[in-house]
Amino acid sequence: MLKNVIVVVFGLISLFGFIGQADAEAPLSEATTECIDCHTTFQPGVVESWMKSRHAMVTPEQALAVKGLANKISNKDVPEDLRPNAVGCAECHTLRPDAHADTFEHNGYDIHVVVSPDDCKTCHMTEVDQFSLNLMSYAVKNLAENAVFQELEQSILGSASIQKDHIKFGSTDDDTKAEACYYCHGTVLNVAGTETRDTDAAGELEFPIISGWPNQGVGRINLDGSRGSCTACHTRHEFSIEMARKPYTCKECHIGPDVPVYKVYSSSKHGNIFSTKGDGWNFSPVPWTIGKDFTAPTCASCHVSLLVNTEGETVVERTHQMNDRLPWRLFGLIYAHPYPKQPDTTIIRNKDGLPLPTDFAGGFADGYLIDADEQTRRAQSLQGVCQNCHDTSWVTGFWRRFENTIKRTNEATLQATTLMSEAWKNGYAKGLSAKANPFDEFIEKRWCDNWLFYANTVRFASAMGGGGDYGVFADGRYHLSRNLTEMRDWLNLRKAAAGPQKRK
Amino acid sequence: MLKNVIVVVFGLISLFGFIGQADAEAPLSEATTECIDCHTTFQPGVVESWMKSRHAMVTPEQALAVKGLANKISNKDVPEDLRPNAVGCAECHTLRPDAHADTFEHNGYDIHVVVSPDDCKTCHMTEVDQFSLNLMSYAVKNLAENAVFQELEQSILGSASIQKDHIKFGSTDDDTKAEACYYCHGTVLNVAGTETRDTDAAGELEFPIISGWPNQGVGRINLDGSRGSCTACHTRHEFSIEMARKPYTCKECHIGPDVPVYKVYSSSKHGNIFSTKGDGWNFSPVPWTIGKDFTAPTCASCHVSLLVNTEGETVVERTHQMNDRLPWRLFGLIYAHPYPKQPDTTIIRNKDGLPLPTDFAGGFADGYLIDADEQTRRAQSLQGVCQNCHDTSWVTGFWRRFENTIKRTNEATLQATTLMSEAWKNGYAKGLSAKANPFDEFIEKRWCDNWLFYANTVRFASAMGGGGDYGVFADGRYHLSRNLTEMRDWLNLRKAAAGPQKRK
Amino acid sequence: MLKNVIVVVFGLISLFGFIGQADAEAPLSEATTECIDCHTTFQPGVVESWMKSRHAMVTPEQALAVKGLANKISNKDVPEDLRPNAVGCAECHTLRPDAHADTFEHNGYDIHVVVSPDDCKTCHMTEVDQFSLNLMSYAVKNLAENAVFQELEQSILGSASIQKDHIKFGSTDDDTKAEACYYCHGTVLNVAGTETRDTDAAGELEFPIISGWPNQGVGRINLDGSRGSCTACHTRHEFSIEMARKPYTCKECHIGPDVPVYKVYSSSKHGNIFSTKGDGWNFSPVPWTIGKDFTAPTCASCHVSLLVNTEGETVVERTHQMNDRLPWRLFGLIYAHPYPKQPDTTIIRNKDGLPLPTDFAGGFADGYLIDADEQTRRAQSLQGVCQNCHDTSWVTGFWRRFENTIKRTNEATLQATTLMSEAWKNGYAKGLSAKANPFDEFIEKRWCDNWLFYANTVRFASAMGGGGDYGVFADGRYHLSRNLTEMRDWLNLRKAAAGPQKRK
C-alpha cells in the first residue's frame, strides 16, 4: 500500500512539476547578480517576470545539449563565456556593447537599454534570420518610405485645419506617430543625448536619451541598426513561449476593422475551442504536438510553430517568416494579392509606377509578387496543418471558398474604385491626378472604408473558418454593400445639383 | 500518520479524478479500432479530441444504466449491437448507411462523411425532437424560401455593379452564400459525384463529392434529409457539454450588431462573474446545480440546460427548443414580436400578405405567433431561473423594464419606417410598391440599420441585465437616435432640392 | 522515504489550501441561520455565493486582529455585537433599520432589501469615505441635474417623433432611463408603497415596492440617502476582491466607444499578459505584491489597490477615490481637462456660464478643476506604479506622448466645434443660441461623435500603452479625421445649395 502511495505521490509531483522547476534554476553570472541586487527593489516586476522565465532556469549549455526537435538554440556557436550561466540581465544588456549607440557606463558595466534582434541572434539565429524575411521586419520603412502610404498616414494623423471647402491635414509630430501607426509598425530609435538623473539607489547617474523610446513595434529600427523587436511577441522579461502561442499576443496589433484577426478568430469554431478548452492545454512544449498538447489551432499553430503529430513526425517546421505559409496577402492595398517577394515593399512599382502591389484596376504588380508555384507551395504548407483535423474534402472546400472570397471582395473594391474615379474625374474630389492627397476628403475616406475595413474583414472571416458575424453584419458584406450605395448616393446628389459642389 | 497520508492522497486522487478517468475508457468495436489505426496518423487532432470525449469513455450500456436526472440517453431503445462499445468512429459514421446519400465503401465499410441529427437521435432522441421545434432547425428554409428575406440577402451578398443612379446587386455564387449567411444558417448538402484521391495510406480511393460541404450551420440540410447540425454547438469530436454550456459556442453566430448576444453578455454582471469565477466552476454535471456548480448563468443555463437547486429539485427542464423559455423574439423583423408558433416561418403572412411576423406599421401577424398565455408560460419558465439568485421584486422590475424596451424600440422603428415610407412615396427611393428591392439603396440601408442593428442591440442589452454600454453608446440608443436624424436630414436635403434627386 | 512522502503531501495540501478553507468557516448568528434555512431553498444562488465569500469565513473579530497592511477593516469601532459572527444575511440586511425607508417586518426581523454604502461603512469606513470623494458617487446628480447633459440625454433617450424638418426627442420614461444611462450611473430609489405577495414558504407576506429597483449603478441614491452601490464592483454576495481586481468588473460600464477602457486594455501589452498569464496569478492577497502576485497591472492595480513591492514596501496606498491617481479626465466634455476638484460637477461654471468643465473653445473652467500641483502629485502617484516594471526613460517617454495626445485630440475637437459653430451660425442647425437642443440634429450628432467617441478612444488608447488598433483604425484617428471631412462635406453641400436647407 505504501508503495502505491509513493507511486501516486510521485505521479502528482510530476503532474505539477514543481520540484522539477525548483531544480531548474541556473547559476547567475556575477554581473547579473549585481544587477538584480539593486533592481529587485527598483523594478521588482521586471525581476520577478524574468525569474519565471526559461532564461532564468536553463543555461545555454544545458539548452544546447537538448537534441532533436526540442532544441531551442539555433546558433550552435554560442560564445563559451555565455554558456555556463542563466541568461540574465547582464548577458543581454551588455552584449555587443560597441554595436549599440545607447551603450553607457553604469556601475562599472557597459550596458545598453534596448536589446535588439541582433543580440537575441547570439542564440536564436535562425529565428532572427527568418524574421528578417518577414514583411514585419520592414514595417517602418514600408510605411515611412512609401509615398502613397505617407499620403494615407497624413490624412489620418496630420494636424487638421479647416479650409474653405476641405479639411487640410498638415504634418504631425513624432509623439503622435509613435502613439498611432508606429506603435505597431515600430519607431526609429536614436540617441539624442544624455541626461543626469538623481536616483534613489546611487545618487546622480548619467543615462542616454533615446528618441522613439519606448517602443516594441515589430519593425523597430534599433540602436545597432537592426530591424524589429522580439519583445513585440516574446514579452519581456518572461519571454514566454506560452504567450507567443496564445492569440492575445497577435491581438495587440490585429484587432481593428483593417485586420480584425483576433475578433474573427475568437468567434470562430477554433476560437471557441481555444476559449473553452485552452485552460487544459499545454502551450510550452517544443515541438508542439497536435491533439495531445492542443485540440484547436491558435494563430501560432498555423503561422509560426513547429508542429508534430502524435507519432512525433513533423507536420510543419517552425518559421518566423510568418508569411511563409501564406499564399495571399489579404490586407487590401487596395486589392488582396499574392505576397510580395521581398519584405521591402517600397521597391514595388505597379503598372502606373506607384509603389503599390496592385494597380487601381486590380491588376497585380507583376514581378514583385510571388508566383503561382510559390503560392501553391505555401498553400500546401498551410493546408498540411488543417489536415491533421480535417479530411481532404473539408480542406479543399474551405480553400475554394476562401479564394472565391478574395476574388469577390476584389471585384467589390473595383466597383468602389470606379465610383471614386468618377468623383475624381468629375471634379467632386481631388485625387492623385490633381496632385492632391487621394485619401483626405470624405468620399475618399468612404472609398477607403470599402477596401481597408469591409473587404479586409470579409476576407479574414473567410480565412479563419467563417468566424462569427464578420462575414456579414459585423463590418462585413452588409457594410461593404451599404458603403457602395452611400458612394453612389453621394455622387447622385452632386451630379443632380451639378457644378456648385465641385472643389475649386 | 500513514493512514492520514493515504486518506489525503486518495482525496487528492478523487479531486483530480485522473485514475477514475483512466478507468473509464470503454471497449472499442472492431470497426472503430480499424478506423483509429489509420486515422490516428492522418487526423491525430480528430482522434485525440474524441479520446477526450465521454463517447470514448462510457458505453451506451453504462449510460443507460444511469438513473434519474443524470441520465443522458433519452432513447431507451438503443440498438443492442451499439450498447457494449464506446461510441466511436464506426458507430456514428456507419449508422443507417442506406439513409445517407454520401455513403461510400471505404476499406470494407459503408461509411458516410456527414453525421446527422437523425444519427445522433439513435441515443439522443428527445433532444433532436426538441431541436426540430426550434426556429434554428429551419434556418435554411426560413431564409432561402422567404421572398422578402431573399431581397435582403441579395442586397448584401449580390454581385455589385454600378448603374446610372444606383448599385445593382445581382445574384451571387454558392461559395459566397456558404461563407456568409449560410455559414451559420446552414447549407444544403448534396452529393455532386465522386472523385478518386491518391491517399498516403491506401493508394487510390474513391470519395463522394459533397456540394455545400463543409458546413456546421444550425439548419443544415443533411444527406439523409434531416435538418440541423449537432456539431454547431457540440463541437466534434469531443462533443463536450462544457463547450456547449460556455458562452463561446453561442458567440460563433451571435456576435454582430444584429444579435450582439455575446458582447452584451460578456459585459453584463453575469458575464463578469463568469469571466472572473468561471475557472472554478463545474461545467460537466448533469443535472447542473445552481450555486454549487456555477454562481452566474451562461447562455445555456437560461435557455437550454436542466437545472436543479442545491436540494436536487428541478428548476427548469432541459430543452433543445431554445425558444421554449422565450416569450419574445427580440430580433426585429422589422419589429420585435411574440415567437412564431411554428419553426417554419415561411408560412407566415402579415396583413399585407408578406411572409413577415409583423407588418410595416408594427402589427403582429395574428395567428402565426404564440398567444399571450404561451408568452406568460414561457416568461414564467425563464423567470424561474432568475429567482434562484434574485427575489421577486428584482425579477419583476427587470422584466417590466425589458418589455418596456421592446415597446420603445418598436416605436422608434416605426418612426424610421415612416421616414422610409416618405422616401418611397416621394420617389427618392424605390421599394416594394415600385417592384424594387426595398433594401438595396443607401437610405434603405440606413433604415435597416435602425431595426437590424440599433433596435436589436438595445433589446439584447435590456434582455441580459443591461449589459455594458450596449444600451446607449455601443450601437445602442445613441446610434438609433442618430440614425433617425440622419434619415430626416437625408430627406430634408432631397425635398429642398426637389425633383432632380428622384430615381428615374 | 515515508517522511518525504508526508512532506510532499503536506506541501500539496498547503498548495491547494482546501483544508485551511474548511477550517475558516465562522459561526453564524441565530438570525442569519434563520435566513439561510429558508433562502437556501428559494435563492440557492445567493446563499452559495455568500458561502464562498470571506464574509462567511472570517468574523469581524478575527479580521480586526489582523495587523498591518493586511488589515481589511478600516473602522476599528465595529459594534461589539457584530464581532463574533460571520457577516451574514442578517448582519447587513438588518443593520440600521431606522435609517432605511425600505425596512419592513419579515418573520420577526426588521430587514431592508437594499444594503447601502453606509451599511458597509460599519466595517469599511475609509473606503466608503474615499468613494464619496470620487466622481462616481455623484454619477446620478452629475447627469440628472446638469442642464446641458440633460439635453444630451434627451437627444438620445427621448421619445422620437417626426417633425417637418427634424426629429423631436421628447421626454422619456423612467424604465428607459434605468435601462440606459442610469444603469451605470445609478437610479434614485424610493419606496412607492407596499405589496402583498403569496410566497411558497410562508403564505402571504408584505414587501415594500421600490421604484428604481433593481439597480447597482455607482451613484445610486439609496433608501438611507447615501450615494453609491458597493456591489457595482464588489458583486453580491461573494464580494470577491478577485472580482474587483479583474478587469471584467470595470468592463461592465467601460466598454463603449465613449470610454473603451476594457477594449483598449485587453488589446494592450498589459492586457495580453493578463489574458495569457493571469490564471496563475493570485488576486486575493492584501496587500497585493507586484511581481509576486501578478506581473502586469489590471485596472485595479493602477487605480485602486494597495500595492507593495517584493520587499513589502508600500508602492501606492489603497484608494477608493479612483481619480486620486489621475491628473487628467480623459472623457471629453467636450475637451479632456484636469479633474474637477469636487465630485459634484453640477457646481462648475465655464466662462460661458454653462455647467461644463471646459468652454466651447477648449478653455478650462478655472477654479473648478485641480491645479497643476495637484496634477503633478497625481501623475507621480500613478507613475510610481509604472516604475516597478519600467525605468524612468520609459515612463517619462510614455507620459510625454500621452499628454501630447490629450493636446492633439483637444485641437481636433476644436476643429469639429468650429465647423459645428459655422453650421449653427449659418442656420443649418439650431443650437443653444437658438434656444434649441445642441445635440439633436444629424450634424450635431456627428459633432458629438468627434469628441464623445473618437477623441475619447484615441486618448484611452494612449493612456493604456497604445492598446491595440484603438489609436488609429478602431474608432481612433482614422474615424476622427473622417468625421471632420464628413462635417466639412455636409456644410459644403448646404452652402452650395444655399438657403433651402436651412431649418425654419
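**View 1. A disulfide joins Cys184(A) to Cys253(A), S to S 2.3 Å.** A disulfide here is a pair of cysteine sulfur atoms within 2.5 Å. The model is predicted: local features need pLDDT of at least 70, side-chain atom pairs count only at pLDDT 80 or more, and totals for chains, interfaces and linings use all residues. Side-chain values use heavy atoms, without hydrogens and water. The Cys184(A)–Cys253(A) link is left-handed, with -100 degrees about the S-S bond. Cys184(A) sits in helix 13 (residues 181–185) of chain A, and Cys253(A), 69 residues apart from it, in the loop between helix 15 (247–251) and helix 16 (261–266). Helices are DSSP runs (H or I, at least four residues), numbered from the N terminus. Cys184(A) is buried at 14% relative accessibility; Cys253(A) is partly exposed at 23%. Buried means under 20% relative accessible area, exposed over 50%, partly exposed in between (1.4 Å probe, protein chains only).

**View 2. Cys181(A) is in no disulfide.** The nearest cysteine sulfur, that of Cys184(A), is 9.4 Å away. Cys181(A) is buried, at 13%.

**View 3. The largest cavity has a volume of about 290 Å³.** A cavity is a set of points on a 1 Å grid over the protein atoms alone where a 1.4 Å probe fits but cannot get out; lining residues have an atom within 4 Å of a point. Volume is the space filled by probe spheres set on the points, which are joined across faces, edges and corners. The lining has 20 residues; among those nearest the centre are Trp490(A), Trp490(B) and Trp490(C).

Conventions: Residues numbered from 1 in each chain as written. Chains lettered and ligands numbered in written order. 1 Å grid on protein atoms, 1.4 Å probe; cavity = no way out; pocket = protein on both sides within 12 Å on 5 of 7 lines; lining within 4 Å. Helix = DSSP H or I, 4+ residues; strand = E, 2+ residues; numbered from the N terminus.
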